[in-house]
Amino acid sequence: MTGWLTGFWRRFRQRADRLSLFIALCLSSLSVLCIYAIHIAGYCKDRPYQIQALATGLGLCAVVVMVAFFDYESLAGLWRIYYPLTGLLMVYTAYFGEVREGSNNRSWLKVPGLTGFQPSELWKFAFILAFAWHLAQVREDLNHPRFLIPVLLNAGIGVGAVMLQRDTGVALVMVAIVAAMLFVAGLSRKIILGAAAAAVVSVPIAWNYLLADFHKERILGIFHPQEFEDLAFQQLEGLDSLGSGQIFGIGLFAENHNYVPEIYNDFIFTFIGESLGFVGCMVVVAALSFLCMRILWTGAVSRSYVGKYICTGVFAMLAFQIIVNIGMCLMVLPVIGVTLPFLSYGGTSVLSVYISLGLVMMVNGANKKHMFATS
């Protein structure tokens with residue numbers, strides 16, 4: 001038994017990117033500490049810091065097991081099992097799921113003993129794995145209509161399954177994942193330019209016929225907060241919190257924290273700014289940026305196209321969420337319900353981010369193996 005555990009730990013240490021994992025755990029520790037401070041201040045119900053700590057622990061266990069035991073190419077090759085099952089779960093949630101207060105998304109499932117489960121978080125990395133496998137199989141003929149059309153249909157399924165739940169934020173994350181993976185896979189520049197032109201042309205159509213009134217009001221609220229005071233309240237209060245922190249912050253357990261709706265969730269960056277100041281915000285941004293660059297580097301040196309595409313998808317997911325979430329807190333982007341990776345509260349989202357990081361570390365482990373073999 002001892003020998004098995006020793007071998008298990010040795011495999012993990014040989015394959016893992018321990019620096020990235022350490023930074024991720026530091027961010028999660030900060031998250032638990034911030035949520036605990038928010039709980040002490042009376043700005044959140046129950047004890048979400050316990051769920052956040054539990055999700056982080058489960059995420060760490062998932063990373064260790066994935067890196068020590070699994071091969072990412074074999075896992076991607078099993079897409080026929082997990083991809084349709086996860087897709088069916090998404091469809092079931094769209095019709096029988098739960099709508100949370102303050103949202104019109106039907107994207108949650110009730111789980112006995114837990115606060116809830118969001119299948120779209122599971123769908124993200126299931127799609128990244130399956131789409132990476134698909135792109136690797138057709139990479140040499142990607143721009144031929146015979147192969148491109150099925151690829152685009154696959155991408156449409158990835159985004160459409162989320163849109164079925166009316167979750168605009170996660171749908172945009174999926175679009176970012178698809179766009180980045182197609183670009184790295186070698187999609188023709190003509191097709192990219194054509195798609196960009198079509199997107200620009202479709203903006204007035206989407207504004208007039210596709211966007212709901214509250215979507216339009218959230219966008220307009222950025223430019224005219226006085227006219228949409230109720231919708232802009234969250235962002236305005238968030239800006240006040242960020243500004244009150246100044247350079248070094250007022251401290252995590254200060255008694256005069258500003259109230260911001262969802263401060264422990266989508267707007268936790270504003271609490272960090274108020275508590276730890278500009279310096280704390282910059283440290284968090286630097287840590288998140290380092291993780292994203294590390295993921296890109298892992299994909300760039302991968303000898304496997306599946307590995308390159310997996311890392312690209314995970315990078316796009318994290319980078320898009322980071323940019324949009326911080327943009328929401330700075331009131332330069334509308335509120336669309338996108339979490340800040342590793343920091344925002346959410347058991348499912350935290351577990352999803354760690355599993356995605358585990359996928360990247362599996363690629364990293366394979367890279368190390370090849371490097372060792374050629375030395």
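Trainee: What makes a residue part of the lining of the second largest cavity?
Mentor: Lining residues have an atom within 4 Å of a grid point. Asp17, Ser20, Leu291, Arg294, Ile295, Thr298, Leu357, Val360 and Met361 line this cavity, so each has such an atom. The model is predicted: local features need pLDDT of at least 70, side-chain atom pairs count only at pLDDT 80 or more, and totals for chains, interfaces and linings use all residues. Numbering runs from 1 along each chain as its sequence is written, and side-chain values use heavy atoms, leaving out hydrogens and water.

Trainee: Why is it called a cavity?
Mentor: On a 1 Å grid over the protein atoms alone, a 1.4 Å probe fits at its points but cannot get out. Two cavities of 30 Å³ or more turn up in the whole structure. Volume here is the space filled by probe spheres set on the points, which are joined across faces, edges and corners.

Trainee: Which helix gives the most to the lining of the second largest cavity?
Mentor: Helix 12, with four residues. A helix is a DSSP run (H or I, at least four residues), numbered from the N terminus. Helix 12 spans 268-300.

Trainee: How do you know which residues of that lining are charged?
Mentor: Asp, Glu, Lys and Arg count as charged. Asp17 and Arg294 are in the lining, so they are charged by that rule. The lining divides into five nonpolar, two polar and two charged residues. Nonpolar means Ala, Val, Leu, Ile, Met, Phe, Trp, Tyr, Cys and Pro; the others, Gly among them, are polar.

Technical notes: On a 1 Å grid over the protein atoms alone, a cavity is a set of points where a 1.4 Å probe fits but cannot get out, and a pocket is an open set with protein on both sides within 12 Å along at least five of seven lines; lining residues have an atom within 4 Å of a point. Helices (H or I, at least four residues) and strands (E, at least two) are DSSP runs, numbered from the N terminus.
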